[in-house]
Amino acid sequence: MLIKKPDDIKRSEITPEQTYLNRRNFMRAGVLAGSTLLTAALYREFAVPEEPLRQQGEKLNVQQAANDTVPPLTEARTSFADITHYNNFYEFSTDKSAVAYKARNFVTRPWTVAVEGLVQKPKTFDLDDLLKLAPVEERVYRHRCVEGWSMVIPWVGFPLARLLKEVEPLGQARYVAFQTIYAPSQMPNQSTGVLDWPYVEGLRLDEAMHPLTLLVSGLYGQTLLPQNGAPLRLVVPWKYGFKGIKSIIKITLTSEQPPTTWNLAASDEYGFYSNVNPNVDHPRWSQKRERRIGEFGVRDTLLFNGYAEQVGQLYSGMDLRANF
Ligand SMILES: Nc1nc2c(c(=O)[nH]1)N[C@H]1C(S)=C(S)[C@@H](COP(=O)(O)O)O[C@H]1N2
Ligand SMILES: [Mo]
């Protein structure tokens with residue numbers, strides 16, 4: 001297999017997660033995957049109709065960030081068009097440019113989010129009640145995908161801590177598990193073995209309670225479009241993008257470290273922590289640099305994606321190579 005340096009990578013070629021998947025599917029089918037070309041051909045989706053030109057969400061009543069926990073970003077925001085048409089959402093497609101179209105009819109109402117497990121007051125929230133309970137604010141964060149690209153996104157959301165406090169975690173709770181909706185009639189790839197479904201993710205409780213950790217319901221002042229994880233997704237800005245699980249229906253407080261989809265798929269490549277770290281390479285490629293979507297050239301990747309001052313102490317004393 002051909003591994004390229006980030007400098008050589010063109011947008012359409014950054015697909016290591018997908019390369020892995022193809023390998024797995026080939027193995028399942030009893031065929032040996034030898035060439036990237038062949039695997040790309042397998043997944044190329046022909047006949048993807050033209051995308052709707054101007055998809056818009058509903059305008060949100062957004063407050064300015066209420067506190068000084070959010071480091072100000074001077075880097076340019078990625079365009080709305082790129083944020084909404086360059087997506088990883090494998091339930092719909094493994095082709096980043098096809099997700100927007102394939103997800104366009106995804107139904108996001110009515111929607112409930114169950115918060116349960118080791119909590120005093122388990123509750124299933126209707127999404128609109130949940131959003132009333134927690135006023136949303138704008139948070140401009142860097143977004144770094146493990147594949148080597150990044151964006152700057154003005155998310156709209158509220159701290160996950162606000163929801164967790166509402167249900168009162170018990171003393172034994174040490175982790176938070178998240179689950180995406182399972183709706184194979186709407187999500188075509190859930191009828192395939194491309195990943196184990198439903199998509200699941202997890203955080204340590206202190207990571208989940210950190211003021212930078214958001215539940216997101218919008219971006220650029222509008223409700224999320226389906227391709228970005230409508231109606232509610234997680235955003236953890238110091239971790240690789242795959243931790244930002246989309247279209248969440250269940251949140252469970254646990255005492256044991258919960259399974260995560262990418263760790264289940266390839267435990268040697270994707271760990272539980274998945275903190276952005278230029279000093280710990282992925283086994284098949286470097287994490288030292290990244291390509292900012294919409295810009296030419298590459299940038300240096302920052303430790304904890306530039307949020308070390310805010311979150312570094314969560315990992316003091318931990319070996320970040322062993323806990324990748
Ligand atoms: N349910 C679900 N959540 C998911 C994914 C997915 O395939 N399914 N992809 C992840 C990955 S790899 C990334 S980089 C981000 C992409 O979010 P965006 O499309 O809003 O930029 O979503 C993450 N959340
Ligand atoms: Mo990603």
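Which residues lie nearest the centre of the largest cavity, and how many residues line that cavity? This is a predicted model, so please keep that in mind as I go through the answer. The largest cavity is lined by 25 residues, and those nearest its centre are Asn88, Phe89, Arg233, Gly241 and Lys246. Its volume comes to about 330 Å³, and by class the lining divides into 14 nonpolar, seven polar and four charged residues. Strand E4, residues 149-159, gives the largest share of that lining, with four residues.

Now to the ligand. The space taken by ligand 1 is this largest cavity, and of the 18 residues around ligand 1, the nearest are Asn87, Tyr90, Glu91, Gly244 and Lys246. That shell is made up of six nonpolar, eight polar and four charged residues.

Turning to individual contacts, the side chain of Asn87 places an N or O atom 2.9 Å from an oxygen atom of ligand 1, while Arg233 has a polar side-chain atom 3.0 Å from an oxygen atom of the ligand. At Asn88 it is a backbone N or O atom that lies 3.2 Å from a nitrogen atom of ligand 1. Taken alone, ligand 1 exposes 530 Å², and the protein buries 100% of that.

Note on methods. Residues are numbered from 1 along each chain as its sequence is written. Chains are lettered from A and ligands numbered from 1 in the order in which they are written. This is a predicted model: local features need pLDDT of at least 70, side-chain atom pairs count only at pLDDT 80 or more; totals for chains, interfaces and linings use all residues. Side-chain values use heavy atoms; hydrogens and water are left out. A residue is near a molecule or strand if one of its heavy atoms lies within 4 Å of it. A polar contact is a pair of N or O atoms within 3.5 Å; within protein, one must be able to donate a hydrogen and the other to accept it, and residues adjacent in sequence count only if both atoms are side-chain atoms. Accessible areas come from the Shrake-Rupley method with a 1.4 Å probe; for residues, only the protein chains shown count as cover. On a 1 Å grid over the protein atoms alone, a cavity is a set of points where a 1.4 Å probe fits but cannot get out, and a pocket is an open set with protein on both sides within 12 Å along at least five of seven lines; lining residues have an atom within 4 Å of a point. A molecule sits in a cavity or pocket if more than half of its atoms lie within 2 Å of its grid points. Ala, Val, Leu, Ile, Met, Phe, Trp, Tyr, Cys and Pro count as nonpolar, Asp, Glu, Lys and Arg as charged, and the others, Gly among them, as polar. Grid points are joined across faces, edges and corners, and a volume is the space filled by probe spheres set on the points. Helices (H or I, at least four residues) and strands (E, at least two) are DSSP runs, numbered from the N terminus.
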